[in-house]
2 protein chains.
Amino acid sequence: MIDVAIMGHGVVGSGVAEILINHNDRISGRVKAPVNLKYILDLRDFKGLTYSEKFIKDFNIILNDKDVRVVAEVMGGVNPAYDFVKKCLQSGKSVVTSNKELVASKGAELIKIAEDNNVNFLFEASVGGGIPILRPMVQCMAANDIDEIWGILNGTTNYILNKMIVDNMDFDSALKLAQNLGFAEKDPTADIEGHDACRKVCILAALAFNKHLYPNQVKTEGITNITSEDIEYADSFGAVIKLIGHAKKLPNGKITASVSPTLVAKDCILSSVNGVFNAVMLNGDQTGEVVFYGKGAGKEATASAVVADIMDCIKHLNARKYLSWEDGDNDYVDMAYDPETRLYVLIKSDDFESLKAQFNKIFGNNTTNIKNAEKGEIAFITEKSKQSLVEQKLSLFKNGISVKTLNTML
Amino acid sequence: MIDVAIMGHGVVGSGVAEILINHNDRISGRVKAPVNLKYILDLRDFKGLTYSEKFIKDFNIILNDKDVRVVAEVMGGVNPAYDFVKKCLQSGKSVVTSNKELVASKGAELIKIAEDNNVNFLFEASVGGGIPILRPMVQCMAANDIDEIWGILNGTTNYILNKMIVDNMDFDSALKLAQNLGFAEKDPTADIEGHDACRKVCILAALAFNKHLYPNQVKTEGITNITSEDIEYADSFGAVIKLIGHAKKLPNGKITASVSPTLVAKDCILSSVNGVFNAVMLNGDQTGEVVFYGKGAGKEATASAVVADIMDCIKHLNARKYLSWEDGDNDYVDMAYDPETRLYVLIKSDDFESLKAQFNKIFGNNTTNIKNAEKGEIAFITEKSKQSLVEQKLSLFKNGISVKTLNTML
């Protein structure tokens, strides 16, 4: 019999408990050993559940019980999760987690501790909820070098942008709707400012490139500045706006990473990822583009990924999974990277004649697709060139002309 | 040092050899043991290659060399691949294969032999080329019961249909173009009649439902009857036509499986799978819909999947991967299954007045979307109902009215 403990009985934790209990035959059958949920750690009381007797409030009960071989950390936040996970690993227990904040900030250290103690630390559920990503990246793509990753990694922002695109809603209304439907939190900052997507980019990049990437190394921009007119202009350029997490390995061995609202061509499969769905696209040197798509959040989807990790730990109690990355150097990320790219540009002025004159002087014919709105605006997609060159040109606009740019995958 | 042998030096086999040789540091590093390509079995001569000394013509050299622990079968066809694979497994060698015909017809038996001999038999490359599917299904979805699978599993037919949709080509021209570009074989039967997709459905269904499904248990229909007008009507119904492989577990425990040209709604992500790309969509009871997308064929993509399997075998020389299915019973497949579905129907007649009169009498208002062409046609999507009921109604059309139906995912 394999004893398992869960730390945290929130949305995901209760989902994990329910799967382990309600589908115990399935789980035990597939790992060829009876799996027993022994403890659930939570400071709150949960009376009247069929499994209320499993609740404990003292972490040391789990830590000191040698029969507990696998612990699921689904508390969220860095503290005390970090301390608990570390102690479990050090005492020879495998740990699985859905906690992207923990993995993004402490992943390299915890993986090292797991290695030193010959146990597993798995975190499939921390990226993309129920979408299988971790194993496909590490195992199926094993013969590949992955050089670039793009992802739609946050369901809340994808839902909001989708409502703006399909139902012509403005940002505020779409956010309010998302909040009313439970797709966005009361304080939506972590989602709409891109912090959540940023953490997932860190984990994906670490898996792909084998070095830890920290959140502060990722240029992160949310979707709060996206307006209905940006959505319309994007449409006229054959694109939709998505919040894209991106990481790329550069020829110099360094990487560059960002989260930003980005124009995605309608014939790119990422443009079809709608609602609360997430997707991750990888480029492997042998296999080319590969995409994984599914529900990025939600109780059952996330909990099932946690349980899959628990099952994998049980199958590998005596054989570590090959999964590791090193800590990144200080100069691992090229913060000054200047990509060859196309930008979406929207320039506005009360004085449209001056705007047109300046535009023609600065850009001439050096753009693809130009749209002139009636009200003193020009939107266009720049020719492919070094971003710094475009920015240099844009800095030439004067006399009350406002300039807005967005990244593109065009 | 781990010795590896390749059987077959065609497109995939030469790709496997090149990866094992050119990326040997990467491969050996990741499995933490030097990997040595020792033999390549092929009856043909390959002189002038940097690795020409590895070629042999006698299978027994591989079979009798105890140092060869992993064999990649990339010959294709059932014979002699079946015999060779069986003997390798029986003598304690792990085998990986890209041979869908072999896995679809002999998978259950070969898996059993692998189990009995405590070695691995892996076949990631046999479904969807370079798309990671096998491990995501077996490991990541481990906590789920998968109840339905849909796939775009054949790049040739997807390319042809795409050309018909995007460039308004007719079937014959699109096929000819595909042949000229090397996306279709001179004899395209296996692709355009759906046989290739059928074999992949068998493998996916076996992985999902743990019982072998044989090709003759799958209702298989190709794309040769699809015309430009079907494509146009589908478009007017908000759909595109794709060759969809489908398998579903029924409440009675049996399964139903088919390959057929199918109308797919434009807001379904499968509608965005274009060109030679493939995709597999699964429904898990916990995680909901999950999609895997990538290149379904091609030398490097397929070879990299074979190499990933080789690496997994090396990592698990002493611990079998949990991957198995049983042989299916005779009545495992419900051939008489009568789904609740919508059908696309196109009825034609030289006598349009009679056609309209009969249509109104038989269907009344019981359809969604009706399109009347000028030239004596009515195309429509039926209301959702038992397929047998629709077919009963369609059999009532008389007096030279032709009736064509297609499946839908609407």
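This is a predicted model: local features need pLDDT of at least 70, side-chain atom pairs count only at pLDDT 80 or more; totals for chains, interfaces and linings use all residues.
Student: How many residues are in contact between the chains?

Tutor: On chain A there are 44 residues in contact with 44 residues of chain B. The elements of chain A that each give two or more residues to this side are α2 (24-31), α6 (134-140), β12 (288-295) and α12 (299-315).

Student: Which of them gives the most?

Tutor: α12(A) gives the most, with 9 residues. Sorted by class, the side of chain A that touches chain B has 22 nonpolar, 11 polar and 11 charged residues.

Student: Why do the copies meet through the same surface?

Tutor: Because 100% of the interface residues of chain A are also interface residues in chain B, the copies meet through the same surface.

Student: In what sense do β12(A) and β12 of chain B pair?

Tutor: The pairing of β12(A) with β12 (residues 288-295) of chain B is antiparallel and runs over 5 bridges. Within it, Y293(A) stands opposite V291(B).

Student: Let us turn to chain B on its own. What is the order of the open sheet of 6 strands?

Tutor: The order is β3-β2-β1-β4-β5-β6 in chain B, and the pairing is parallel. The edge strands, each pairing on one side only, are β3 (55-56) and β6 (121-122).

Student: Over how many bridges do β1 and β4 of chain B pair?

Tutor: β1 (residues 2-7) and β4 (residues 68-73) of chain B pair over 5 bridges, in the parallel sense. There, A5(B) stands opposite V71(B) of β4(B).

Student: Now the helices. At what angle do α4 and α5 of chain B pack?

Tutor: Helix α4 (residues 81-90) of chain B packs on α5(B) at about 15 degrees, and the axes are 10 Å apart. The two helices are therefore roughly parallel to each other, and their crossing is right-handed.

Student: Which residues make the contact?

Tutor: From α4(B) come A81(B), Y82(B), V85(B), K86(B), L89(B) and Q90(B), and from α5(B) come L102(B), K106(B), L110(B), I113(B) and A114(B). By class, this contact has 8 nonpolar, 1 polar and 2 charged residues.

Student: At what angle do the axes of α5 and α10 of chain B cross?

Tutor: Helix α5 (residues 100-116) and helix α10 (residues 195-209) of chain B cross at roughly 50 degrees, and their axes come within 9 Å. That makes α5(B) oblique to α10(B). The crossing is left-handed.

Student: Which residues in α5(B) meet which in α10(B)?

Tutor: K100(B), E101(B), V103(B), A104(B) and G107(B) in α5(B) meet R199(B), K200(B), C202(B), I203(B) and A206(B) in α10(B). This contact of α5(B) with α10(B) has 5 nonpolar, 1 polar and 4 charged residues.

Methods. Residues are numbered from 1 along each chain as its sequence is written. Chains are lettered from A and ligands numbered from 1 in the order in which they are written. Two residues are in contact if their C-beta atoms, placed from the backbone, lie within 7 Å. Helices (H or I, at least four residues) and strands (E, at least two) are DSSP runs, numbered from the N terminus. Ala, Val, Leu, Ile, Met, Phe, Trp, Tyr, Cys and Pro count as nonpolar, Asp, Glu, Lys and Arg as charged, and the others, Gly among them, as polar. Two strands pair if DSSP finds at least two bridges between them. Axes are lines fitted to C-alpha atoms, for helices over the stretch in contact, and angles run from 0 to 180 degrees between N-to-C directions. Angles under 35 degrees count as roughly parallel, over 145 as roughly antiparallel, 65 to 115 as roughly perpendicular and the rest as oblique. A crossing is left-handed if the near helix is turned anticlockwise from the far one by less than a right angle, and right-handed if clockwise.
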